[in-house]
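Please read the following briefing alongside the sequence and the coordinates.

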Amino acid sequence: MPDHAADARLLLTESPDNYVAERARLVKQARAAGDRASAGFYQALKRPNLSLWAVLSAGDDASAVNGLVSATTELAEIQGGGAGASALSAATQHRRNALEALVDRGVKALAKSVAGAASRRAEIRDIIDQLSRHPNLAETWINGTLRELPDDTFGFAAFTGSIDSATTVKDAEVKPRARRTAKASKPRSDDTAAKRSADLAADRTARAERAQVARKARQDVVAASHQLATVERRVIAAQAAVREAEDALRLAEEERAAAEQRNHEATARLEANRNE
């Protein structure tokens with residue numbers, strides 16, 4: 001039985017501009033072998049845009065992906081569990097290191113065949129950041145079959161237009177066949193075109209609104225984390241002050257007891273001298 005996941009990841013070892021040709025080769029090979037299921041599987045693998053291609057390429061390090069997902073889950077648990085500021089800071093730094101390591105891996109992979117790969121670093125980071133919050137997507141990220149990012153309010157709305165982009169390589173030319181197909185298509189009526197334009201505008205508006213909600217949610221999380229860290233520092237300082245006060249009280253009580261003992265002994269000696 002063909003190893004679909006292995007072949008899906010094999011597609012990512014090709015330069016982005018060779019992706020479609022390599023996918024077509026796999027489809028043709030499967031059809032020649034009479035394996036219609038495999039042919040359908042390969043054909044369904046949409047071509048990712050450059051940023052998603054870099055993210056999927058970085059996913060070949062399964063331990064790094066699982067490590068980032070675990071670090072993200074751990075940080076969320078610490079934020080929700082009221083742990084101390086030091087634990088929160090350590091978990092945040094651990095996740096940041098894991099995130100940047102995968103971002104570096106993706107940018108380097110893309111830079112092997114695409115000029116200006118570093119300019120996509122921010123979008124690559126954003127996609128990896130959001131993927132790390134969805135453990136259920138880790139397996140498809142690792143095996144290279146991930147193609148559809150959830151269109152929800154958790155940060156993916158801004159990237160849904162990135163899938164199967166028409167241009168994957170800078171200055172790439174539209175293939176003649178695509179132009180002929182476009183010319184051969186039947187023209188839409190004015191009403192149909194207007195309706196489609198309105199639908200697209202509404203869809204873009206809805207996506208923008210979801211992206212804004214996601215950005216606001218992330219900002220709220222950051223603000224809450226900062227507030228929590230500030231309060232934690234004040235609690236720790238107050239606890240330290242209480243411990244110092246308790247130590248000072250204990251020392252004062254011991255000194256008072258010693259003074260009382262000395263007073264008692266001196267009084268006893270005075271009384272003894274008077275009686276002699």
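The model is a predicted one, in which local features need pLDDT of at least 70 and side-chain atom pairs count only at pLDDT 80 or more, while totals for chains, interfaces and linings use all residues. Residues are numbered from 1 along each chain as its sequence is written, and side-chain values use heavy atoms, with hydrogens and water left out.

**Overall fold**

- The secondary structure comes to 10 helices and 0 strands, where helices (H or I, at least four residues) and strands (E, at least two) are DSSP runs numbered from the N terminus.
- Of the 276 residues of the chain, 30% count as buried, a term that means under 20% relative accessible area, with exposed meaning over 50% and partly exposed in between (1.4 Å probe, protein chains only).
- Among contacts in the chain with a separation of 6 or more, 69% come from residues 24 or more positions apart, a contact being heavy atoms within 4.5 Å.
- The accessible surface of the chain comes to about 17500 Å², and 53% of this belongs to carbon and sulfur atoms; the areas come from the Shrake-Rupley method with a 1.4 Å probe.

**Packing and the nonpolar core**

- Within α5, the buried residues are V65, L68, V69, A71, T72, L75 and I78, and what covers them includes α6 (85-111), α7 (121-131) and α8 (138-143).
- The largest nonpolar core has 38 residues, of which V55, L110, I124, I128, L131 and W141 touch the most other members; such a core is a set of buried Ala, Val, Leu, Ile, Met, Phe, Trp, Tyr and Cys residues joined through side-chain atoms within 4.5 Å.
- Two or more residues of this core are given by each of α2 (19-32), α3 (36-43), α4, α5, α6, α7 and α8.
- Leaving aside residues up to four places away in sequence, W141 touches residues including R9, V55, L68, I128 and L146.

**Aromatic pair**

- A search of the whole structure finds 1 aromatic pair; F41 and Y42 form this edge-to-face pair, at 5.5 Å centre to centre and with 70° between the planes.
- Rings of Phe, Tyr and Trp (its six-membered ring) pair if their centres lie within 6.5 Å, with planes under 30 degrees apart counted as stacked, over 60 as edge-to-face and the rest as tilted.
- F41 is partly exposed, with a relative accessible area of 24%, whereas Y42 counts as buried at 3% relative accessibility.

**Two serines**

- S57 lies in helix α4 (residues 50-58) and is buried, with a relative accessible area of 11%; beyond residues up to four places away in sequence, S57 touches R9, L12 and A109.
- S15 lies in the loop between α1 (4-10) and α2 and is buried, with a relative accessible area of 18%.
- The C-alpha atoms of S15 and L110 are separated by 8.1 Å, although these residues are 95 residues apart along the chain.

**Confidence**

- The chain averages a pLDDT of 77, and 71% of the residues score at least 70, pLDDT being the predictor's confidence in each residue, from 0 to 100.
- Over residues 153-189 the pLDDT is below 50, and this stretch has 57 contacts in the model beyond near neighbours in sequence.
- Where pLDDT is low, the predicted coordinates should not be read in detail.
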